[in-house]
Amino acid sequence: MAVNAEQLAQDLKSIVGEDYVHTDLFERVNYADTSLPYDVEEGDLPDVVVHPSNAREVSEVLKYANQRKIPVTTYGSGTSLMFGTKPKHHGITISTERLSSLEINVEHQWLECGAGIKTGQVIKELGQLGYFLPIQTQIGSSVGGAIGVNTLGHLTDNMFGGRPISHILGLEVVLPSGEIIETGSKCLRRPAGWDLARIFIGSEGILGIITKVRMVLTPMPETTDAVGFFKTVEEIGHAVGMMYREKFPLPMDGELVGEKACKVGYEALDLDFPEGALAITRSMGRTKEDATENAQEMVRLFNKAGATKAFILDDPEIAEKVWRVRENAMRWGQERGLKGYLAIEVNPTLPRLAEAMTELSHITEGRTDLIGETEAYLYGHVGSDSLHCLFAFPYDWPTDKMKQVVGEIWNLEKELQLKYDGVGGDWGWLPYRVPFFREKYGETAYGIIKKMKQLFDPNNILNRGNLEGEA
Amino acid sequence: MDEEQREENIERDLNEALIACEKCHFCNTVCPVVDTRITQGPFGINRAIYYAIKWNEFNEELRDLVYSCSTCGKCDIMCKKVSRALPLTELIEKARELLLVEKEAGPMPEQVGALKNMHVRGNPWGSPSHERTKWAEGLEIPFASKDRHVDVLYFVGCASSYDSQGQKIAKSLSKILKKAGVNFGILENETCSGHEAKRMGETGLFAYLSEATMEMFKDAGIQHIVTGDPHSFYSFTHEYPEHGNGLKVQHYSQFLNELIEKGNLKLSRKVNKRVTYHDPCYLGRHSEIFEEPRDLIQRIPGITLVEMENARADSDCCGMGGGRMWMEPPQGLLSSQAIAERRVLQALATGAEILLTACPFCNITLNDAVKSLEKEETIKVVDITELISMSL
C-alpha cells in the first residue's frame, strides 16, 4: 500500500467526513468477521472502514484507491455464505450501509433503492403497499449484495419471472476507476440487446460497486401453506420430481427438513409431529381461493408421494412452529453441544434428487477425514431441486483443525456438485467455489472472467483475492 | 472467590456464550440503537466483546459500544426465535461488569456521578435523600413501619420521587389507591432499588442496595409491594436475592385490575380519547406483562385503544434504559432522543391523542421527544394512572 493507515484515514475523511471513517480495532473486526466457524485473525482486518453516503463519495474513494492501488473490499451486510466480505489484503472496506434510500413509485411501477438498504426494510415497506420483493434472503441482508450475487433466497426459481436479473430495470454502478455509469431506464421495458446491468448483476462485486437499484414492482400474492410428513427424506425427493413431471402448481417457497434435523427440531420445540422428514410449502395465487386450491394440490402431491400425513396449515400457530423447524435447522447442532458449523449447497439434477438425498443423509458415515467427526443435518428446498447439508462440530476445535474441516467440506461440496451436475446455487461462487467453477467449466471459461476483471479493474483493487479463490 | 478468579470466570462465561454466535445478524435488524453501522447493534457489540477478551484489548472504543446498548431485550427475542437463543442483553451487562469491576474501563464518564449518587444519596440524580418523599406532602400517606402496618407498600422509585414528570405518576397512583380504600403506605427512607446500577455493570453496588432495600422491607413488615417503576419491579421479581424472598410484588397495572374486578375501584367517568400504549421494556419484554396494562386502559369508559406498528414483545425502546439516562452516547452512536423520536413518530401514525405508558423513564423520555418534534399540540404523553384518575 502506497500510504500508511493514518494518512489513508485522514485522506478518506476529507472525502466522506470525519464521522464516517473508522480505524479502531472493533470497527475493523466487525467489518472483517463473517459467519465462517473460525475467528478473524489480525491479518484479515481492513486498515480502514469507510461509510460513503452517495455514489459521488464512493467514486471519490475508488479514484483515490485506484490511483494508489489500494485494495477495496465492498461490504453490504456481511451475511454472505461465501464470506466474500472478509478482506484478503487489508486496505479499505467500503460499507454501503448508508446508501439506504428507498422510493416506491406506484405511478411508474418501480422501486428505486440504495444498495445498502436491507431486504427486510424493503419487504416491509413494499408489503404496506401490497407489493412483494422477489428476493427473499434473510432480512438483514442488503439489496446490493443480493443483486451482486443475483440470489433470490428461498424462492422457487421462475415463480416470479426468475432471478433478480429479470426484475432489474436499471443500476447505478461505480467502476474501480471512479467513473459512475447508469444502465437501463425508468420505463418498464428492459433492453433486449446489450444491457450493461447484466454484466454487474451476479458479478459478486469484482467489476464495480452497485450503488443504486431500480426494480419493477411485483404485486403481493395471496398465499396458503401446506405440510407433508414423510417416513424418509428420499420420499420428498421423489415428490419434488413428481411435482415437476406431473405439472403440479409449483409453490413460491418450499422447504424440506431431513429426519435427523426434524428429530432434534421437534424435541427443541416440543412438537408432537410424526417421526421422519417434513416438507412445507407456500403456494400462491392472485386470490386466497387460488392459493388454497394450489396448496390443496400440494397436499394431494404429498399424499400421492407416500406422506404419512399431509394437510393445509390453516392454524397460524402450527404453521409458525413448522416453519421454525426449518428456520432453526442451523441451531440443532448446538442442542447437542456442537456449536461450530458450515453448510453446503448441492443442486442435483431433478432425476437424481432422491439419490443425492440418500447420499447426504449418510454423508459422514465411514469417513476417516474430519468430516467423519462432524454431525450432518440435511435440509433444503422443495420448490427447486436444491439441498443443504449442515456440518456441526465442536467449537473448541483449534483454528487449524477448523480450517482443515472447512477445506474438506468445500471440497466435498465440489465433488457432489460435479457428481450430480449442480451449479453454484444461491450463494454465488467467490471465493470458495472457484475450484469448482474451474473444474466444471474449464480454464477458458474462468479465463473469460479474469479478462473481464482485467478490463474493468486493471489494478485489481475490488474484492482482491475473491476471484483468485483466496480463502 | 478472589478478584482474579472472578475476572477469569466472567471472561470464561462470556467466551463460552459468544463463541456460539451464529453471526447471522438477525439481532441487529430489530435493535433500536442501530443507526447504520453493523458495529452499533447487539451483533457488533458482542463480537467486539468476544475479540476484546480473545486479544485482551479493553479500550475506550469498546467501552463506548458496550455502554451504548439500552438493554431493551429485543435482540434476545429475535435470537431465541431464529438463531442460537443467546441472552445477548445479559452478555452485554456481564461485559459491563467486566469493564467496570475488573478492567477499570467502565462505566461511561457521565455515569460515574450517577453511581456515586446512588451509593451516597440513594438516588442517581444526587437529590437530597430527605426530599425523597416531598412529593407526598399534604397527601396524608403514612410511612410504613413496624408500628404502622400497611397492607400494601407503594414502592415509588427514584424517578417518580424526584422528577417532576414522574411525580405526577406517584400522585395519581396514590389518589387511586386512596379512592379504592387500600391500606397503603410508602417508606420514609426508601432508597434506590439498584436496578440501573446493575445495568451499568456495578454489581457490587446493586448487591449493597438490594440488601439494604430488603432489610427495609423486612423492618417495616412488608408482605406486599406495588410499584409504578418497571425497572424496580423487574429487579424485585428477577434479580433480588431469592427474588424478594416470598414478597408479593406487583406492577400497579396488575393490582388495579384486581381492585376493579373485586369492585373496590370503579371507573365511572368517561374519557373520550383515542390512545396508544407504549410497552416499557422492563414491564413488557423483560417481565412479560403485556395484557394487564391494556386490560386496565380498556376498562376506562370512552377510551379507544389503538396499537402502534411495534407493540407488545415487538415494542420499540424509548432509548433511556440500560444506564443511558445518565450518558449521552459518543459521537457516531445514536442519541436517546433520536430513538425516542422514532417511537413518538410511530405513536403519531396511529392518530392517537395520547401516548400512554407505564414507566417514569419512558414518560420522561417520550415527553422530551414530543417536545423536540414540536408535536405537543398533537399528542400528549401520559401515564396510565393519570388517565385512570381522570376516570374516577
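Q: What is the strand order of the open sheet of four strands in chain A?
A: In general, strands of a sheet pair through backbone hydrogen bonds, either parallel or antiparallel. In this predicted model, local features need pLDDT of at least 70 and side-chain atom pairs count only at pLDDT 80 or more, while totals for chains, interfaces and linings use all residues. Residues are numbered from 1 along each chain as its sequence is written, and chains are lettered from A and ligands numbered from 1 in the order in which they are written. The open sheet of chain A has the order β1-β2-β4-β3, with mixed pairing. Strands (E, at least two residues) and helices (H or I, at least four residues) are DSSP runs, numbered from the N terminus, and two strands pair if DSSP finds at least two bridges between them. At the edges stand β1 (21–22) and β3 (72–75) of chain A; each has a single partner strand, so one side of each is left without a neighbour in the sheet.

Q: How many bridges join β2 and β4 of chain A, and in which sense do these strands run?
A: Strand β2 (residues 48–50) and strand β4 (residues 92–95) of chain A run parallel and are joined by three bridges. Within this pairing, A:Val49 has A:Thr93 of β4(A) as its bridge partner.

Q: Which strands of chain A does helix α3 touch?
A: Helix α3 (residues 55–68) of chain A packs on the sheet and touches β2, β3 and β4 of chain A, its direction making about 165° with that of β4(A). Helix α1 (residues 5–16) of chain A lies across β1 and β2 of chain A and runs at about 5° to β2(A). Contact between two residues requires that their C-beta atoms, placed from the backbone, lie within 7 Å. For the angles, axes are lines fitted to C-alpha atoms, for helices over the stretch in contact, and values run from 0 to 180 degrees between N-to-C directions.

Q: How is strand β16 of chain A placed, covered or uncovered?
A: A residue is buried if 20 or more other C-beta atoms lie within 10 Å of its own, exposed if 12 or fewer, and partly exposed in between, with C-beta atoms placed from the backbone. Strand β16 (residues 340–346) of chain A is mostly covered, six of its seven residues being buried. Seven bridges pair β16(A) with strand β18 (residues 386–393) of chain A in the antiparallel sense. Opposite A:Ile344 stands A:Cys389 in β18(A).

Q: Which residues have the most contacts inside the largest nonpolar core?
A: In soluble globular proteins, nonpolar side chains tend to be buried together. A nonpolar core is a set of buried Ala, Val, Leu, Ile, Met, Phe, Trp, Tyr and Cys residues joined through C-beta atoms within 7 Å. The largest one here has 244 residues, and those with the most contacts inside it are A:Val50, A:Leu278 and A:Leu378. Not counting residues up to four places away in sequence, A:Leu378 touches several residues, including A:Val233, A:Met357, A:Leu387 and A:Cys389.

Q: What is the order of the four strands in the open sheet of chain B?
A: The order is β2-β1-β3-β4 (chain B), and the pairing is parallel. Strands β2 (184–185) and β4 (248–251) of chain B are at the edges with a single partner strand each, so one side of each is left without a neighbour in the sheet. Strand β3 (residues 224–227) of chain B is joined to β4(B) by four bridges, with B:Gln250 in β4(B) as the bridge partner of B:Val226. Helix α12 (residues 230–239) of chain B lies across β1 (152–155), β3 and β4 of chain B, at about 150° to β4(B). Helix α13(B) lies across β3 and β4 of chain B and runs at about 90° to β4(B).

Q: Where does B:Lys273 lie?
A: B:Lys273 belongs to the loop between α13 and β5 (274–277) of chain B. B:Lys273 is partly exposed, because 18 other C-beta atoms are within 10 Å. Not counting residues up to four places away in sequence, B:Lys273 touches B:Ile303, B:Glu353 and B:Ile354.

Q: How many residues does each chain bring to the contact between chain A and chain B?
A: Chain A gives 30 residues and chain B gives 27 residues. On the side of chain A that touches chain B, the largest share, five residues, comes from helix α2 (residues 25–30) of chain A.
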